[in-house]
Amino acid sequence: MSIEKVKAYFNQFGMADKIQEFDVSSATVELAAQALHCEPCRIAKTLSFNVDNQAILIVAAGDAKVDNKKYKAYFSTKAKMLTPDEAVSLIGHAVGGVCPFALLPQVKVYLDESLKRFTTVFPACGSSNSAIELTIPELEKYSNSLAWIDVCKGWGAASPAKPEKDIGGISQKCC
């Protein structure tokens, strides 16, 4: 089971106890935000794509959407998401639990700029009912990301600004 792989992965860093498992689904941004009692924009969704027959992951804020023009400019190809079957076989996690941890070795991970506006975010942990709260430097470290990229739209300056909110004792810019 994928969550067990993710727990083992984080256990080597003494962080497995930070993984949260829910009695409800967290398979979508909206469901994860409800389970975590946080703003949907703070969910670090992991999107899976096929680039030249290679699986890649892009981790983006919950309110961000892939901008096809930016994606093509960066990857030199059209955005083609993996099918649910391809996600399992090429990444090692099922849709709803895809995350940037405990991946098959050939998978490349990129972090989208839409995440940088937060102190902490919540990526999934290999199942459709799990998440972990990580700081941006922790996400960068534990995801073994290759680069920060800008391939999303619909967040930040393009979205109406909302005031900062105190969530869990940490001031976060809301989306």
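Where is M15 found? I located M15 in the loop between α1 and β1. I note at the outset that I am working from a predicted model.

**Entry on M15.** I looked up the accessibility of M15 and read 8%, which counts as buried because the cut-off is under 20%. I then listed the contacts of M15, leaving out residues up to four places away in sequence, and found F10, I132, L134, E138 and Y142. I also checked the distance between the C-alpha atoms of M15 and I132, which is 9.4 Å. These two residues stand 117 residues apart along the chain.

**Entry on helix α1.** I turned to helix α1, which spans residues 2–11. I recorded S2, I3, V6, Y9 and F10 as its buried residues. Viewed down the axis of α1, these buried residues fall within an arc of 115°, so I describe them as lining one face of the helix. An α-helix has 3.6 residues a turn, so residues three or four places apart point the same way. I next asked what covers the buried residues of α1, and my list includes β1 (19–21), β7 (130–132), β8 (134–135) and α5 (136–142).

**Entry on S114.** I found S114 in the loop between β5 (108–112) and β6 (120–123). I looked up the polar partners of its side chain. The side chains of S114 and D112 are joined by a polar contact of 2.8 Å, and a polar atom of the S114 side chain lies 3.0 Å from the backbone nitrogen of A61. Setting aside neighbours within four places in sequence, I noted that S114 is in contact with A60, A61, A64 and W155.

Technical notes:
Residues numbered from 1 in each chain as written. Predicted model: local features only at pLDDT ≥ 70, side-chain atom pairs only at ≥ 80, totals over all residues. Heavy atoms only, no water. Buried < 20%, exposed > 50% of the residue type's maximum accessible area, 1.4 Å probe, protein only. Helix = DSSP H or I, 4+ residues; strand = E, 2+ residues; numbered from the N terminus. Arc of directions from axis to C-beta. Contact = heavy atoms within 4.5 Å. Polar contact = N/O pair within 3.5 Å; in protein donor to acceptor, adjacent residues only side chain to side chain.
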